[in-house]
Amino acid sequence: MYRKDCSVIEIREIDPSASFMTQLQEVDSGPVTVINTFIFPEGEYEAFLDVWQKDSFVMMASPGFISAQLHRGLGDSRTVTNVATWESAAQLGAALASDEFQELLALYPEGTVVYPALERKVAIPGVCEA
C-alpha cells in the first residue's frame, strides 16, 4: 500500500469518510478504477513522468492490472491524473504493497502530493453503462 510515512510523496484523502486504505480492503469487489491525481512541484514535470513511467511498468506486470491512462491539466497546471482499471481492489492493494513499488515512491520529486480514490462505473440509462 502507499506508505503514510513516506517523506517524499504526501498522500491526501479525497473523501475522509472512505479512506483509500479502507477502499483497498474491499472483498470481492470486482473491477475497480483507481483515480489518482498528483500535484507535482514546480519545475519537476519531467522528473515526475520518469518515476511514474517506472512505477507503471511495475503495475502493468502485476496480476489484475487491466489498463492505465495519464492525463495532464491544461495551461500551467501542475496536476496529472492517472486513471487505471484493475480486476479487483485486492489485486491493486497487492501491487501497491510490493517491495518494487514501495522503493519507487521515494524517487518521486520531493513535495509531490497524491489524491487516490477507488471508484466503480455507474450505469445511467441513456447515458452510460456500468
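**Close-up views of a predicted model**

**View 1. Ser 88 in the loop between strand 4 and helix 3.** Ser 88 has its place in the loop that lies between strand 4 and helix 3, in a model that is predicted. With a relative accessible area of 14%, which falls under the 20% limit for burial, Ser 88 is buried. When residues up to four places away in sequence are not counted, Ser 88 touches Ser 29, Gly 30 and Val 32.

**View 2. The protein chain as a whole.** The protein chain holds four helices and five strands, and when it is read along the sequence these follow the pattern β-α-β-α-β-β-α-α-β. The radius of gyration is 15 Å, close to the 14 Å that the globule rule gives for 130 residues, so the protein chain is as compact as a globular protein of that length. Along the principal axes, the C-alpha trace spans about 45 × 35 × 30 Å. Of contacts between residues at least 6 apart in sequence, 74% join residues that are at least 24 apart.

**View 3. The largest nonpolar core.** This core has 29 residues, and among these Trp 86, Leu 92, Tyr 108 and Leu 118 touch the most other members. Elements that each supply at least two residues of the core include strand 1 (9-11), helix 1 (20-24), strand 2 (32-39) and strand 5 (112-119). Helix 2 gives the largest share of the core, namely five residues. In soluble globular proteins, nonpolar side chains tend to be buried together.

**View 4. The surroundings of Tyr 108.** Leaving out residues up to four places away in sequence, Tyr 108 touches Val 8, Ile 9, Phe 38, Phe 48, Val 51, Trp 52 and Asp 55. Tyr 108 is also one of the core residues that touch the most other members.

**View 5. Gly 111 in the loop between helix 4 and strand 5.** Gly 111 lies in the loop between helix 4 and strand 5, and at 45% relative accessibility this residue counts as partly exposed. Apart from neighbours within four places in sequence, Gly 111 is in contact with Val 8, Ile 39 and Pro 41. The C-alpha atom of Gly 111 is separated by 25 Å from that of Ser 17, a residue 94 places away along the chain.

**View 6. Surface and charges.** The accessible surface of the protein chain comes to about 7,500 Å², and 54% of this surface belongs to carbon and sulfur atoms. Of the 130 residues, 40% count as buried. The protein chain carries 8 positive and 19 negative charges, and the mean positions of the two sets are 3 Å apart.

Key: Residues are numbered from 1 along each chain as its sequence is written. This is a predicted model: local features need pLDDT of at least 70, side-chain atom pairs count only at pLDDT 80 or more; totals for chains, interfaces and linings use all residues. Side-chain values use heavy atoms; hydrogens and water are left out. The radius of gyration is taken over C-alpha atoms; the globule rule is 2.2 Å times the number of residues to the power 0.38. Buried means under 20% relative accessible area, exposed over 50%, partly exposed in between (1.4 Å probe, protein chains only). Contact means heavy atoms within 4.5 Å. Accessible areas come from the Shrake-Rupley method with a 1.4 Å probe; for residues, only the protein chains shown count as cover. Lys and Arg count as positive and Asp and Glu as negative; His and the chain ends are not counted. The place of a charge is taken as NZ of Lys, CZ of Arg, CG of Asp or CD of Glu. A nonpolar core is a set of buried Ala, Val, Leu, Ile, Met, Phe, Trp, Tyr and Cys residues joined through side-chain atoms within 4.5 Å.
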